Amino acid sequence: MIRSWRIEDSRQSMVLVSRDEHLPEVIYWGPRLPDGDEDAVLYAAGQLDVTGGMLDLNPELSICPEATRSFQGQPGLILRDGEGHPLLPKFCFEAAEADGSDALALIYRDQSGELTYTAHFAIDPQTHIITAKAVLQASRPVHLHWLSAPVLPAPQMADEMIDFAGRWCGEFQINRTAWSAGIRYRENRTGRTGHEHFPALIVPERGATNTRGRAYGFHYGWSGGHRMVAEELPDGRRQIQFGHAARMEYEAMTRFETAPLYAVFSDDGINGCAVSFQRHVRDRIVSFPKAERPRPVHYNCWEAVYFDHNLPELKEIATRAAALGAERFVLDDGWFGNRDDDTRALSDWEVDRRKYPDGLDPLIDHVHELGMTFGIWFEPEMINPDSSVYRAHPDWALGSEDQILGRQQKALNMAMPEVREFLYERISAILSAHDIDYIKWDHNRVLPMPDAAQTRGSYALIDRLRTAYPNVEIESCASGGGRIDFGILHRTQRVWLSDSNDALERLRIQHNAAIFLPMVVTGSHVGPRTCHTSGRQMDIRFRAWVAAQRHMGFEMDPRELTDQEAAVLQHVTRWWKANRTWLARADILRLESADPAVIAEQQLAEDGQRFVVFAGKADTSAQIVPRPLCLTRLDPDARYRIELLNREDAVGLSRGMPALKSEPIELSGQYLMAHGITLPWSFPETMWVIEGTRL
Ligand code: DGJ
């Protein structure tokens, strides 16, 4: 006997079938099935054969594969009882609760009656994201070693998988790994999302590109470190598991749940996944205190002054930043305790009266008079051994006495209620005494060991602060992009994508991050002329346009700008402000560039009436003149007016006359997608900006 359920929207169908009351298998996930295919027939049709050397029946690759049912790959659940003995549950159907084909809860009970496994699925018909989560309940406390979110199959017609690595100043590096027998296993034991381990996977089918073909996308929305298992079984079937990194629950408990796994099928390339993730983050995950307020242009003083805070100087910087177009001034690290460098004072969250004798008000008032709002930096989960709070409460630090420090600091134990209470009070004292609308929330070291209770503690603190200060936005930073995931984005409004303000690095990092992140949450700042983290010198035009691709800001010392540089920055900032409303709802489409030296994207308005293309020249090209750049998702029959916005940037070595160099042109969507736009020759480290309007 079988039971079956479907999760479906206009794009995709996911069919789950359970036999003999066992946990169900996802027997189909792909393009929406037409009416008429019966689940029982699909199930029978998809049964794999059996030959020599195999068991007499193929064990189920269920949503939580069980070793007790002869499954020989990675199980979906590993646990022990309170005494440490392995528990080997066998789950049987108990109940199902469905809300049409949009939401489903499947409840299964272990034969002993002591364990309940529940899988939750929901599909969003607008964004097409499927959210899946597993919950395990026990009648007595048990130790959890591993619990996967509901296990999904990976397609057979895929040769490779894409996941993400990175480092400080080099986030979102793409790894392509060939599928082969065995496991691709990512385990992040750093205790935070990490630069190195963005928790996601893309499985493109053979031949899929950014703009064409089928692809499957997965993201695990959790900030404490994850495990991913992408396994090909000896019979060729493939499973994808995502959960918290293994063994990060230290206490025996009666309830565990995974974070949400966000999954999507796309039949129009990796961009189909990207658009779903971007929209889901923007419209379902992030909540902006004042949704109608356009994203303000930021100024952040970190790379201008570091720890050297001096009120008259900061006021002058603020004045110049406002003149450039900034609308929010963010005071970074160095305003509290005796924080003169990064060896001390974390946790001493009281204004440093040596630097601010009359408190923060003189600076905040000045910033407000300039028409900007005020933001401030905290690194709440951290403590320096050289701090008054540590001297009073050394037991508040997480991990052993003799642990290796990171940036001379320890993490606080966020599972301790008194630690959270202390932080709430200190942060509250600053927020309630001042008109502050923004926190840059940093996290500059990995944990001494992964601990799920730490992440839950951090989430609880942020949630409490957000309830008390609903108008304060929060930026998630962890030495740049060390804590970017949909779990943290549930409670924050922006991510500091990278500590690299090197526009060239940023161009690539932004490009890859756009598979998941919309413009509105992705911070991008114009850095100093000589980049502090790479030593590269870059032209202000390139720096400005790269920042204008996302949520724009400035981070250089504005006193270093020449008049010409300031004018460029003002110009690009004016452009960004004039366009930010539609850009905030646009889809970022990664273009397939025929020239690997060009990293290009098209931001297409929600109504399809306009777009902007950013074509960044990251390197010199192999061929001598630019290859045409094909656009995407236009109406082939419509006509578009195309204009090279910064055509005055063409250099003397560009001697020919591609039409765009001298005037706007009108072309069909078909031509623009099939042949592409032909751009003038350019130097590396430059950006062409092309605006398009549907006629
Ligand atoms: C690391 C962040 O990524 C930087 O932007 C800056 O806020 C420093 N921490 C401050 O210590």
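A polar contact here is a pair of N or O atoms within 3.5 Å; within protein, one must be able to donate a hydrogen and the other to accept it, and residues adjacent in sequence count only if both atoms are side-chain atoms. Keep in mind that this is a predicted model, where local features need pLDDT of at least 70 and side-chain atom pairs count only at pLDDT 80 or more, while totals for chains, interfaces and linings use all residues. Residues are numbered from 1 along each chain as its sequence is written, and side-chain values use heavy atoms, with hydrogens and water left out.

Let's start with the ligand.

| Residue | Distance to a ligand oxygen |
|---|---|
| Asp499 | 2.4 Å |
| Asp332 | 2.7 Å |
| Arg407 | 2.8 Å |

On its own the ligand exposes 290 Å², and the protein buries 98% of that (Shrake-Rupley method, 1.4 Å probe). Around the ligand sit 13 residues (a heavy atom within 4 Å), with Asp332, Asp333, Lys440, Asp442 and Asp499 coming nearest. Sorted by class, that shell has six charged, four nonpolar and three polar residues.

Terms used:
Nonpolar A, V, L, I, M, F, W, Y, C, P; charged D, E, K, R; others polar.
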